[in-house]
Amino acid sequence: MVSFESLKNEYERNWASLEIRPSRLGDANAVARKAINGKATYQQIERLTGVPWYFAALCHYRESNFDFDTYLGNGESLHRMTAIVPKGRGPFATFVDGAVDAFRVENFIGAQDWSIARILFRLEAFNGFGYHAKGCHSPYLYGGSTLYGPPEARAGKFVRDHVFDPNHVDTQLGTAVILHAMMSLDSSISLDGSPQFAGRAEPEDDVASTVVLMQQALNRLGANPPLAEDGISGPRTKTAVSQFQQQNGLRDTGLLDGATVAAITRATQSGAVAKTGDLSQVLKRLEDLGQLLRPAAGGVTPPTTTPGNTLPAANDPIGLFERLFSLITKTAPMPGPVTPNNPAPVDQLKQVVDLLSTLLNKDGKPVLGQVNGALGDTIGKMLDGKKTALGIGGSLITALLSSVTASPNAGGLAGLLGTIVSAVPGLGQFAMPISLALTAWGVLGKLEKWAQGTAPPPRPTS
């Protein structure tokens, strides 16, 4: 995990020794003047966010070369929703509105430490910390200075993801170089931005531990390319989060919101990514439950199974239950072209209606109690009339617990729920199908009573 404290001294040393190459001084001053020309707009952002105006100018330079018709977070147009990470932002009425949103996404609002070391740390985080592992200063910060490139220093550039060319020299000016030039042209820029209280955690530090856990989880789930587990939600991490959100029916933003963190946590606990809307596993568990409820061999005579579209016997509600769910499974949309072998939806619906009609057929006189008394007379009476309510309540509680990140160290209700989730790994994977099965069992019990004419009369309404 990359931490500010581990890099602070290096940033301070580099800033103290930074020299703009004579051949690039004219270019650096020209860019610095453009930044200063937008000072009034950047100061509006500073008043709304507390982020220094010159920091906003540096971000604007690297993202869109001072184009005020773009979103500060990624350089896309202000006038449509962003399509690259961070996705789904905007449209925005003004550049200032977009910049405030971008700094909120990056957790810069409320930051107190704007010392030179923290500024360089935040600027490098936009592009990534991979250059430290290559023994090369980042051109994103130091391009155009004697700290980057021969003869004084090493060159090198990541020409694409995970591909580093040690002989490539980035010709774009670095943000530290531009800031150095800006300070020579505008004496009002002061870098005495240390926090009032030493040791105070900055906003991005507060979320770093969560980010690194999510990076580790995404790597276990097969992130490609693998993520650097550095606690920085940079472009690659946002892209991996976006891919996960697309695969799991979540809002595609590339940001680690609460719903996404909970979904990634559940996916790693279950060992597989469960796609939203896929009921096949739930139906499979319900069918397994039907097998468990079926009377064992040597007890009550097993119900007769019939080939084709023949209905099961009316005194076999468990068989009807299984058959009904098999039809529901068949009606679920499947990928690939529809073949003539698949029954038409209308025919499938007719089979479902026929099954329900059999359940409700009083003339068939189904055996009383096979559903409601499946667990014996004592337990059957205890659950009679309560299965549906228990199942629905259990489904709601399980859904609530499944949406909670396992954080037992939190306080209040969140801590209580986090403790439960931590104590029962994979809670939703097992409890939700059981709750749904209990609900279905209760409904079948109601149908059985109606078929026998033993259901209680409806309550009179006033």
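**Exercise 1.** Find which element gives the largest share of the lining of the second largest pocket, then describe that pocket.

*Solution.* Keep in mind that this is a predicted model.
- Step 1: Helix α6 is the one to pick, with five residues in the lining.
- Step 2: The space in this pocket comes to about 840 Å³.
- Step 3: Now for the lining: it has 33 residues, and E106, S233, G234, P235 and K238 are the closest to the pocket's centre.
- Step 4: Two or more lining residues come from each of α4 (53-64), α6 (116-127), α10 (203-220), α11 (235-247) and α12 (258-270).
- Step 5: Sort the lining by class and you get 16 nonpolar, ten polar and seven charged residues.

**Exercise 2.** Work out how helices α2 and α9 pack: what is the angle, and how far apart are the axes?

*Solution.* Two packed helices are described by the angle between their axes and the distance between the axes.
- Step 1: For α2 (residues 25-37) and α9 (residues 175-185), the angle is about 70 degrees and the axes are 8 Å apart.
- Step 2: Angles of 65 to 115 degrees count as roughly perpendicular, so that is how α2 and α9 lie to each other.
- Step 3: Who makes the contact? From α2, residues including A28, V31 and I36 take part, and from α9, residues including V177, A181 and L185.
- Step 4: By class, this contact has ten nonpolar, two polar and one charged residues.

**Exercise 3.** Decide whether N14 counts as buried or exposed.

*Solution.* 
- Step 1: Locate N14 in helix α1 (residues 4-17).
- Step 2: Buried means under 20% relative accessible area; N14 has 7% relative accessibility, so N14 counts as buried.
- Step 3: Leaving aside residues up to four places away in sequence, N14 touches H137, Y142 and L147.

Technical notes: Residues are numbered from 1 along each chain as its sequence is written. This is a predicted model: local features need pLDDT of at least 70, side-chain atom pairs count only at pLDDT 80 or more; totals for chains, interfaces and linings use all residues. Side-chain values use heavy atoms; hydrogens and water are left out. On a 1 Å grid over the protein atoms alone, a cavity is a set of points where a 1.4 Å probe fits but cannot get out, and a pocket is an open set with protein on both sides within 12 Å along at least five of seven lines; lining residues have an atom within 4 Å of a point. Grid points are joined across faces, edges and corners, and a volume is the space filled by probe spheres set on the points. Helices (H or I, at least four residues) and strands (E, at least two) are DSSP runs, numbered from the N terminus. Ala, Val, Leu, Ile, Met, Phe, Trp, Tyr, Cys and Pro count as nonpolar, Asp, Glu, Lys and Arg as charged, and the others, Gly among them, as polar. Buried means under 20% relative accessible area, exposed over 50%, partly exposed in between (1.4 Å probe, protein chains only). Contact means heavy atoms within 4.5 Å. Axes are lines fitted to C-alpha atoms, for helices over the stretch in contact, and angles run from 0 to 180 degrees between N-to-C directions. Angles under 35 degrees count as roughly parallel, over 145 as roughly antiparallel, 65 to 115 as roughly perpendicular and the rest as oblique.
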